[in-house]
Amino acid sequence: MTFIVVAIGMAAVIAAVLTLTLVRGRRGDEPAAAYDLRVYRDQLDEVERDLGRGVITEDEAARIRTEVSRRVLEADRKLARQSGSGQAPKALSLAAGVAVLAVLMGGTWITYSANGAPGYADQPLDLRKTEAADYRATRMKQAEAEEQAPPMPGLPTPDAEHLELVKKLREVVAQRGDDPQGLALLAHNEASLGNFRAAYEAQKRLIALKGGSATAADYATEADMMVLAASGYVSPEAEAALEQALNRNPQNGTALYYWGLMHIQTGRPDIAFRVWRELLSLSHAGDPWLPIVREQMPNLAWYAGDERYQLPPMPAEAGAPGSATGPSAEDIAAAAEMTPEARDEMIRGMVARLSARMADQGGSPEDWARLIGALGVLGDSEQAGAIWAEARQTFAADPEALATIRAAAQSAGVAE
């Protein structure tokens with residue numbers, strides 16, 4: 001409020017000075033005719049002095065007096081005309097001054113109300129950083145955020161068969177709680193149904209079961225499910241999962257996206273800009289966060305004070321390593337309830353399709369893990385071991401990907 005009072009006060013002072021000037025007129029200035037008149041009179045005095053010193057004759061003096069006197073009369077007439085029309089009526093000047101006062105003060109208030117923040121104190125940078133840190137440390141927890149979160153829009157309506165399969169999968173996992181493959185499937189299926197709390201609880205159990213072998217992708221998946229459960233809010237608990245992911249792989253895309261989002265939500269868009277700038281440099285066409293990040297980056301650059309920032313080109317569409325899909329969670333959940341013969345036949349068909357797609361298009365670490373896990377279910381340890389050996393060569397330079405595949409190979413009994 002202090003700012004607006006000072007601004008209006010300054011506008012009032014300026015308007016008052018302008019009004020006083022209009023009413024009183026300018027002092028110290030004179031018309032050009034008055035100046036000419038003074039010069040001509042000085043010339044007449046100079047003629048008399050020259051005549052007295054004998055510099056000019058009487059006839060010359062008379063001629064000069066006549067010419068100068070004519071100019072004096074002309075200047076005097078001009079001065080009379082200017083004096084009669086050069087000053088505006090005081091009432092009109094006063095009205096103009098009041099109008100100026102109203103425009104300046106009213107304009108100041110309207111402009112500040114539209115573009116300013118009435119009632120807010122000054123916000124220096126250090127204060128804003130301190131307030132952001134305080135808010136981040138005391139913000140809403142996961143449980144409270146879930147209670148207040150609206151339903152997540154856009155979720156597909158599951159069919160009865162899918163629901164029944166997931167129900168059976170829960171029963172299987174409850175009986176075999178130490179099965180990492182089952183927990184991973186359960187987390188995926190619960191998330192697909194919109195049961196995000198149940199999904200991240202299953203993911204937590206999976207991470208606890210893996211212990212030190214849990215990967216950045218495992219923690220990023222947990223954080224993703226927690227954020228979805230809270231309708232897009234990054235809670236302190238989700239932040240802790242993101243820290244674990246980024247400690248294991250600073251370039252994990254999901255973790256970087258939510259890490260930037262967390263900083264936006266806690267009042268540090270400048271940090272979010274730096275995080276998402278790094279994310280854009282690592283992103284590929286089709287990454288789910290890409291449209292959102294690209295849309296927000298110009299605003300974040302403004303907050304960060306980087307006026308020269310330009311969005312990088314969109315990543316080129318790539319053919320698709322990582323695009324192959326393996327047996328769905330529903331398929332494997334259904335397979336757990338089939339007769340051994342029917343189950344083996346179904347899984348062999350899915351394994352054949354997955355192998356063909358991976359041979360043609362390549363595959364993500366998750367695809368390799370699914371394939372090894374499916375072969376383990378079939379008891380085909382020889383083929384699972386061969387694929388595990390190939391995976392170690394293919395992903396030798398990517399420890400995180402190799403850890404994901406290793407977990408499946410250990411579950412299949414072909415890795416230490």
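Tyr 303 is exposed, because its relative accessible area is 53% and the cut-off for exposed is over 50%. Trp 302 also counts as exposed, at 63% relative accessibility. The model is a predicted one.

**Aromatic rings**
- A pair of aromatic rings is described by two things: the distance of the centres and the angle of the planes.
- The count comes to five aromatic pairs.
- The ring centres of Trp 302 and Tyr 303 lie 5.1 Å apart, and their planes stand at 75 degrees, so this pair is edge-to-face.
- Ring pairs also link Tyr 257, Tyr 258 and Trp 276 into a cluster.

**Nonpolar cores**
- The largest nonpolar core holds 49 residues.
- Val 234, Tyr 257, Trp 276, Val 293 and Met 297 have the most contacts inside this core.
- Elements giving two or more residues to this core include α7 (160–175), α10 (216–229) and α14 (290–304).
- The top contributor is α10, with eight residues.
- Beyond its neighbours within four places in sequence, Val 234 is in contact with several residues, including Arg 139, Leu 242, Tyr 258 and Gln 265.
- Another core, of 19 residues, lies apart from the largest one. Among its members are Leu 371, Ile 372, Trp 388 and Ala 401.

**A nonpolar surface patch**
- Ile 14, Leu 18 and Leu 104 make a nonpolar surface patch of about 240 Å².
- Leu 104 sits in helix α4, which covers residues 90–115.
- Is Leu 104 buried, exposed or partly exposed? Leu 104 counts as partly exposed, because its relative accessibility is 30%.

Methods:
Residues are numbered from 1 along each chain as its sequence is written. This is a predicted model: local features need pLDDT of at least 70, side-chain atom pairs count only at pLDDT 80 or more; totals for chains, interfaces and linings use all residues. Side-chain values use heavy atoms; hydrogens and water are left out. Patches are made of residues with over 30% relative accessible area and no salt bridge: like charges are joined within 9 Å, nonpolar side chains (Val, Leu, Ile, Met, Phe, Trp, Tyr) within 5 Å. Accessible areas come from the Shrake-Rupley method with a 1.4 Å probe; for residues, only the protein chains shown count as cover. A salt bridge is a side-chain nitrogen of Lys or Arg within 4 Å of a carboxyl oxygen of Asp or Glu. Helices (H or I, at least four residues) and strands (E, at least two) are DSSP runs, numbered from the N terminus. Buried means under 20% relative accessible area, exposed over 50%, partly exposed in between (1.4 Å probe, protein chains only). A nonpolar core is a set of buried Ala, Val, Leu, Ile, Met, Phe, Trp, Tyr and Cys residues joined through side-chain atoms within 4.5 Å. Contact means heavy atoms within 4.5 Å. Rings of Phe, Tyr and Trp (its six-membered ring) pair if their centres lie within 6.5 Å; planes under 30 degrees apart count as stacked, over 60 as edge-to-face and the rest as tilted.
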